[in-house]
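My notes follow in the order I took them.

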Amino acid sequence: MAKKKVIVEGGGANLYYVSESNGWIYVYKGSVWGSDTQIGKTRDMRDAIAVIENHAGRRVKSIG
């Protein structure tokens with residue numbers, strides 16, 4: 001899977017990314033300056049979304 005952008009509801013710092021490698025889905029907090037921070041690693045996309053929602057404190061608005 002190519003790196004996918006994930007947007008959460010609300011304003012401010014609402015950009016996240018997910019990417020897959022060797023059966024793992026890596027979850028990153030996006031940064032304006034390009035140095036994304038890994039916040040989790042899961043085997044399932046639903047779990048990756050849960051990691052993002054827990055970190056952001058908001059629901060996912062869109063993936064793509």
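**Sheet.** I looked up the strand order in this predicted model: five strands form an open sheet, ordered β4-β3-β2-β1-β5, with antiparallel pairing. I took strands as DSSP runs of E with at least two residues, and helices as runs of H or I with at least four, both numbered from the N terminus. Two strands count as paired if DSSP finds at least two bridges between them. β4 (37–42) and β5 (60–63) are at the edges with a single partner strand each, so one side of each has no neighbour in the sheet. From one strand to the next the twist averages 25°; axes are lines fitted to C-alpha atoms, and angles between N-to-C directions run from 0 to 180 degrees.

**Ground rules.** I noted that residues are numbered from 1 along each chain as its sequence is written, and that side-chain values use heavy atoms, without hydrogens and water. Because the model is predicted, local features need pLDDT of at least 70 and side-chain atom pairs count only at pLDDT 80 or more, while totals for chains, interfaces and linings use all residues.

**β3 and β4.** I checked the pairing of β3 (residues 24–29) with β4: five bridges join these antiparallel strands. Tyr28 has Gln38 in β4 as its bridge partner.

**Chain order.** I read the elements from the N terminus as β-β-β-β-α-β, which is one helix and five strands.

**Core.** Which residues make up the largest nonpolar core? I found nine: Val6, Val8, Tyr16, Val18, Ile25, Val27, Ala48, Ile52 and Val60. Such a core is a set of buried Ala, Val, Leu, Ile, Met, Phe, Trp, Tyr and Cys residues joined through side-chain atoms within 4.5 Å. Buried means under 20% relative accessible area, exposed over 50%, and partly exposed in between (1.4 Å probe, protein chains only). β1 (4–8), β2 (15–21), β3 and α1 (45–56) each give two or more residues to this core. Leaving out residues up to four places away in sequence, I listed the contacts of Val27 (heavy atoms within 4.5 Å); among them are Tyr17, Val18, Ile39, Ala48 and Ile52. Buried residues make up 27% of the 64 residues in the chain.

**Asn22.** I looked at the loop between β2 and β3, where Asn22 lies. Asn22 is not a glycine, yet its phi is positive, about 55°. Most residues other than glycine have a negative phi. Is Asn22 buried or exposed? Asn22 counts as exposed, because its relative accessibility is 74%.
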